[in-house]
Amino acid sequence: MGILVILALILAVIFIGKGIIIVQQQEAVIIQRLGEYKETLGAGLHFIFPIFEAPRPMLKIVKQRTLDGSIYSTQSYSTRIDLRETVYDFPRQNVITKDNVTISINALLYFQIIDAKRAIYSIENLPEAIEKLTQTNLRNLVGQLALDETLVSRDIINDKLREILDKATDKWGVKVNRVELQDIVPPASIQNAMEKEKKAEQDRRATILEAEGIKKSAVLTAEGEKLAAINKAEGEKQAEILKAEAEKQAEILKAEGIAQARIIQADAEKEAINRIIGALADKGKPDQYLIAMKYLETLSNITSGENNKVVYMPYEATGILSSVDGIKQMFDKQ
């Protein structure tokens, strides 16, 4: 009798333990009653009737790392459905471009289960379905592009692929947030050709830059020589202008000096004439005296010179002599 009680207690504990379900935050559990959907359990403490009710398991992918560092994926069943965003790293696959070049691509997919019921009942193997759908649409998109376009159009491929997958997986209760192409690896021969082309392009650009540098240097040299010639011409022009200005100023000063000298000389002659006139005003004729003196001065200039051997007497010499005699008489009287 005691053994039966103990067994009953053990069965009661097992029954109660099976009937208690604690769901973590951002998780969901699908409960079935006799194989039929009953409810979706959210975060918190829940009780079920273990004999008639049970959680529905879901297939999920588990990644494991080996000792050599490589990663491999395995599939397992779990009654807990993760509602958080999940990243799925697809294995590398070969894709043929529009110009018949086989390239190797691997992609990352970020998705999130937003409806646990549809994720369980709408698709048999959700991870595999998402993987095959991604691979198929990736082949279709890359097949519409040439190799060069594929290498430079990652963002376009990512956006188009995300849009297609999000629309296709909506009926499975899945939201595809983004898709990222990790690596696009062309064949080795294409890589070698691309490297050679890149090197040739770099050499071409280096040659162009060198030519541009030489051209700029020549232009700067020509500009420098032109500027130097202009500065030299301007300097010579300024020197000539200054020289002309100096000569002009010298001529002006010289003319002004001559004019001042003549004015002073004229003033002196005027003063002398005035004195002579004053001295002879009461004793003779000043005009005859002045005429006689000018005549004698002019005659002296005519007959002066080293090679002048001609001696002549002017036509009016008698008049001059009479004037001189008159001057002598005036001084004698004085």
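**Ground rules.** I am working from a predicted model, where local features need pLDDT of at least 70, side-chain atom pairs count only at pLDDT 80 or more, and totals for chains, interfaces and linings use all residues. Residues are numbered from 1 along each chain as its sequence is written, and side-chain values use heavy atoms, with hydrogens and water left out.

**Whole chain.** I looked up the secondary structure and got 8 helices and 12 strands. These are DSSP runs numbered from the N terminus, with helices being H or I of at least four residues and strands being E of at least two. Of the 334 residues in the chain, 22% are buried. Buried means under 20% relative accessible area, exposed over 50%, and partly exposed in between (1.4 Å probe, protein chains only). I also checked contacts, meaning heavy atoms within 4.5 Å. Among those with a separation of 6 or more, 59% are between residues 24 or more positions apart.

**Largest pocket.** How much space lies in the largest pocket? I noted about 460 Å³. My terms here: on a 1 Å grid over the protein atoms alone, a pocket is an open set of points where a 1.4 Å probe fits, with protein on both sides within 12 Å along at least five of seven lines, and lining residues have an atom within 4 Å of a point. Points are joined across faces, edges and corners, and the volume is the space filled by probe spheres set on them.

The lining has 18 residues, and K60, I61, D82, T86 and F111 lie nearest the centre. Elements giving two or more residues to the lining are strand 6 (58–65), strand 8 (81–82), strand 9 (86–89), strand 11 (102–113) and helix 3 (126–143). Strand 6 has the largest share, with 5 residues. By class I wrote down 10 nonpolar, 2 polar and 6 charged residues.

**K60.** Beyond its neighbours within four places in sequence, K60 touches T74, Q75, S76, S78 and P127. K60 and Y77 are 17 residues apart in sequence, with their C-alphas 6.0 Å apart in space.

**Helix 3.** From first C-alpha to last, its 18 residues reach 26 Å, close to the 26 Å expected at 1.5 Å a residue. The expected span is 1.5 Å times one less than the number of residues. Buried residues in helix 3 include L126, I130, T134, L138 and L141.

**Helix 5.** I found 16 residues here (154–169), reaching 22 Å. Which residues of helix 5 are buried? They are I157, N158, L161, L165, D166 and T169. They cover an arc of only 150 degrees around the axis, so they are on the same side of helix 5. The arc is that of the directions from the helix axis to the C-beta atoms. The buried residues pack against strand 11, helix 3, helix 4 (147–152) and strand 12 (174–185). Turned away from that side are the exposed D155, D159, E163 and K167.

Most residues other than glycine have a negative phi. Q26 has a positive phi of about 60 degrees, lies in the loop between strand 1 (20–23) and strand 2 (27–33), and is partly exposed at 36%. L34 has a positive phi of about 55 degrees, lies in the loop between strand 2 and strand 3 (36–41), and is exposed at 67%.

Notes:
Ala, Val, Leu, Ile, Met, Phe, Trp, Tyr, Cys and Pro count as nonpolar, Asp, Glu, Lys and Arg as charged, and the others, Gly among them, as polar.
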